[in-house]
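Have the viewer open as you read.

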Protein chains: 2
Amino acid sequence: MENNVDNVRAQMRKGVLEYCILSILNRGEAYASSILETLKAANMIVVEGTLYPLLIRQKNQGLLSYRWEESTQGPPRKYYCITDKGREQLQEMDLAWSELVETIRTLKTQKS
Amino acid sequence: MENNVDNVRAQMRKGVLEYCILSILNRGEAYASSILETLKAANMIVVEGTLYPLLIRQKNQGLLSYRWEESTQGPPRKYYCITDKGREQLQEMDLAWSELVETIRTLKTQKS
DNA sequence: ATCAGTACTTTGTGTTGCAAGGTATTTATT
DNA sequence: AATAAATACCTTGCAACACAAAGTACTGAT
């Protein structure tokens with residue numbers, strides 16, 4: 001609990017990470033390191049140890065597929081691609097997210 | 001993984017629960033069962049086994065205080081009240097939440 | 001050969017939400 | 001007086017998950 005502000009943000013990130021990954025991959029295939037960069041650019045700080053297991057989980061759920069591709073620089077890359085099932089899940093997540101935002105708005109607005 | 005939709009919502013709720021509790025208590029003191037009702041009314045389903053430990057954690061962090069009050073119906077109630085420190089934390093959470101909403105908006109809007 | 005860079009993976013830890021069950025108090029019913 | 005129902009608070013055991021840290025592997029430059 002060293003830094004409270006960071007902790008608050010970390011807690012909130014939980015639960016929307018999967019949503020973010022599916023959203024990013026819905027724009028086109030990508031490999032883990034590039035997904036990390038995209039998240040970082042959107043101020044969504046995630047580390048490797050979080051992302052890799054998450055991608056594997058989503059692949060095992062049939063939400064993602066992947067293919068290996070040689071890189072001109074460095075080892076081959078694992079390009080992930082969203083599946084039809086993943087797109088269905090993403091639609092559900094879009095709805096769940098809007099509802100959550102609305103729920104919070106309600107809680108903040110209601111005066112007693 | 002029986003119901004995917006429920007699971008998606010459950011995942012997203014994580015991390016904003018503490019924010020919800022502080023927001024509710026910022027409107028005035030309340031006891032656990034009434035907090036549960038407020039959350040339920042806002043479509044934020046939470047169970048006792050989640051709420052009680054959370055209230056105790058927040059109290060131990062100095063974000064909440066409480067007092068016992070006799071009830072006309074049933075056992076005494078533990079009325080929780082947000083502290084100055086809790087209000088500070090709530091402000092940080094307000095900011096963190098807006099930023100998270102903005103982050104998601106960015107991720108969804110960007111076309112690659 | 002060694003190092004740096006890139007990329008993927010695994011292990012161990014701490015936190016947290018939840019299902020399920022438990023304790024305690026009051027009031028109504030038998 | 002004893003029992004049941006309602007209300008309220010609390011605890012235990014489990015599973016999921018984010019993260020830090022360390023490891024593996026491939027490529028190209030020094």
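## The sheet in chain B

Y66(B) sits opposite Y80(B), a residue of β3(B). This is a predicted model, by the way. The strands β2(B) and β3(B), the latter covering residues 77-82, run antiparallel and are joined by six bridges.

Zoom out a bit and you get an open sheet of three strands in chain B, ordered β1-β3-β2 with antiparallel pairing. The edges are β1 (30-31) and β2 (64-69) of chain B, each pairing on one side only. Packed on this sheet is helix α2 of chain B (residues 17-25), which touches β1, β2 and β3 of that chain. The direction of α2 makes about 95° with that of β3(B).

Now for the interface: 38 residues of chain A are in contact with 38 residues of chain B. Together the two chains bury about 3600 Å², with 66% of that on carbon and sulfur atoms. On chain A's side, M12(A), R27(A) and L107(A) supply 20% of the area buried against chain B, more than any other three residues do.

## Who does the touching

Polar links show up too. There are four salt bridges between chain A and chain B, and one of them pairs R9(A) with E99(B), whose closest N and O atoms are 2.9 Å apart. Ten residue pairs make polar contacts across the interface.

Which elements give two or more residues to chain A's side? They are α1 (4-13), α2 (17-25), α3 (32-41) and α5 (84-109) of chain A. The largest share, 15 residues, comes from α5(A). By type, chain A's side divides into 20 nonpolar, eleven polar and seven charged residues.

How values were computed
Residues are numbered from 1 along each chain as its sequence is written. Chains are lettered from A and ligands numbered from 1 in the order in which they are written. This is a predicted model: local features need pLDDT of at least 70, side-chain atom pairs count only at pLDDT 80 or more; totals for chains, interfaces and linings use all residues. Side-chain values use heavy atoms; hydrogens and water are left out. Contact means heavy atoms within 4.5 Å. Buried area is the accessible area (1.4 Å probe) that two parts lose on being put together, summed over both. A salt bridge is a side-chain nitrogen of Lys or Arg within 4 Å of a carboxyl oxygen of Asp or Glu. A polar contact is a pair of N or O atoms within 3.5 Å; within protein, one must be able to donate a hydrogen and the other to accept it, and residues adjacent in sequence count only if both atoms are side-chain atoms. Helices (H or I, at least four residues) and strands (E, at least two) are DSSP runs, numbered from the N terminus. Ala, Val, Leu, Ile, Met, Phe, Trp, Tyr, Cys and Pro count as nonpolar, Asp, Glu, Lys and Arg as charged, and the others, Gly among them, as polar. Two strands pair if DSSP finds at least two bridges between them. Axes are lines fitted to C-alpha atoms, for helices over the stretch in contact, and angles run from 0 to 180 degrees between N-to-C directions.
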